[in-house]
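These are my notebook entries on one protein chain. I set down what I looked up, entry by entry.

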Amino acid sequence: PSTDGETYLILVHGYNQSQGAFTLGVTCTDGCTVAENDVCASATELSVQPMGGCESSTGSNECAYTSAVGNPDCEPFGSVVDVWYRFNSGFVGALSIVAEALTADVVNVALYSDCSTEGYIACWTEVTDPINVAGLPENTEFLLRVWNGGGPQAGTFSICLEADFNVGLTPAAEEV
């Protein structure tokens, strides 16, 4: 976001010593309200729900900005216009992340242990199917970063976490 009357400097550089002519354009658009979960420290809480019973949360990165956290490994050089979610793994070590683009062109998801580049665990681009994640430590806080390139790719999406809460339970013995 910018402030009317403020002077800004724009750095233009070439990747890997590239150089040459360029065109730079700056436009103004109507302001919008930035999502509360635009910053990792203000991540929106998600609850892990039973398999098949996922009630999705709707999110948007339409008024989001690039995070101070470095790009995830699966998007090392692209624009990452993101919003953040947090969840606790509870007593399940495996879960499914269900993310679906609604008005957004594409949805990408990354898993973190904290709000730092070092907290990065894994990521998935152009998500269309549930993401199965296994081996998570129980009762641990995690963060999800949901993004795309912003601009025309930005929009709404749904996100939900599902897990099989019956894992490890054995049926009661039947009386004869």
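**Entry 1: N88 and its surroundings**

I began with N88, which touches E45, V48, N139, T140 and E141 when residues up to four places away in sequence are not counted. I note here that the model is a predicted one. I then looked up where N88 sits and found it in strand β4. Is N88 buried, exposed or partly exposed? N88 counts as partly exposed because its relative accessibility is 27%, and the partly exposed class lies between under 20% for buried and over 50% for exposed. I also looked up the distance from N88 to E55, a residue 33 positions apart from N88 along the chain, and the C-alpha atoms of the two are separated by 17 Å.

**Entry 2: The chain as a whole**

I next listed the secondary structure and found 10 strands and 0 helices in the protein chain. For the overall form, I looked up the radius of gyration: the protein chain has 20 Å, whereas a compact globule of 176 residues would have a value near 16 Å. The C-alpha trace spans about 85 × 35 × 25 Å along its principal axes. Of the 176 residues, 34% are buried. Among contacts with a separation of 6 or more, I found that 78% join residues 24 or more positions apart.

**Entry 3: The nonpolar cores**

I recalled a general point first: in soluble globular proteins, nonpolar side chains tend to be buried together. Which residues have the most contacts inside the largest nonpolar core? They are F87, I97, V109 and L144, in a core of 25 residues. I then traced which strands supply at least two residues each to this core, and they include β4 (81-88), β5 (95-101) and β9 (141-148).

**Entry 4: The cavity**

How many cavities of 30 Å³ or more does the structure hold? I found 1, and the space in the largest cavity is about 30 Å³. Its lining includes N61, A104, V106, N108, W147 and F157. By class, I recorded 6 nonpolar and 3 polar residues in this lining, with no charged residues. Strand β9 provides the largest share of the lining, namely 3 residues.

Terms used:
Residues are numbered from 1 along each chain as its sequence is written. This is a predicted model: local features need pLDDT of at least 70, side-chain atom pairs count only at pLDDT 80 or more; totals for chains, interfaces and linings use all residues. Side-chain values use heavy atoms; hydrogens and water are left out. A nonpolar core is a set of buried Ala, Val, Leu, Ile, Met, Phe, Trp, Tyr and Cys residues joined through side-chain atoms within 4.5 Å. Buried means under 20% relative accessible area, exposed over 50%, partly exposed in between (1.4 Å probe, protein chains only). Helices (H or I, at least four residues) and strands (E, at least two) are DSSP runs, numbered from the N terminus. On a 1 Å grid over the protein atoms alone, a cavity is a set of points where a 1.4 Å probe fits but cannot get out, and a pocket is an open set with protein on both sides within 12 Å along at least five of seven lines; lining residues have an atom within 4 Å of a point. Grid points are joined across faces, edges and corners, and a volume is the space filled by probe spheres set on the points. Ala, Val, Leu, Ile, Met, Phe, Trp, Tyr, Cys and Pro count as nonpolar, Asp, Glu, Lys and Arg as charged, and the others, Gly among them, as polar. The radius of gyration is taken over C-alpha atoms; the globule rule is 2.2 Å times the number of residues to the power 0.38. Contact means heavy atoms within 4.5 Å.
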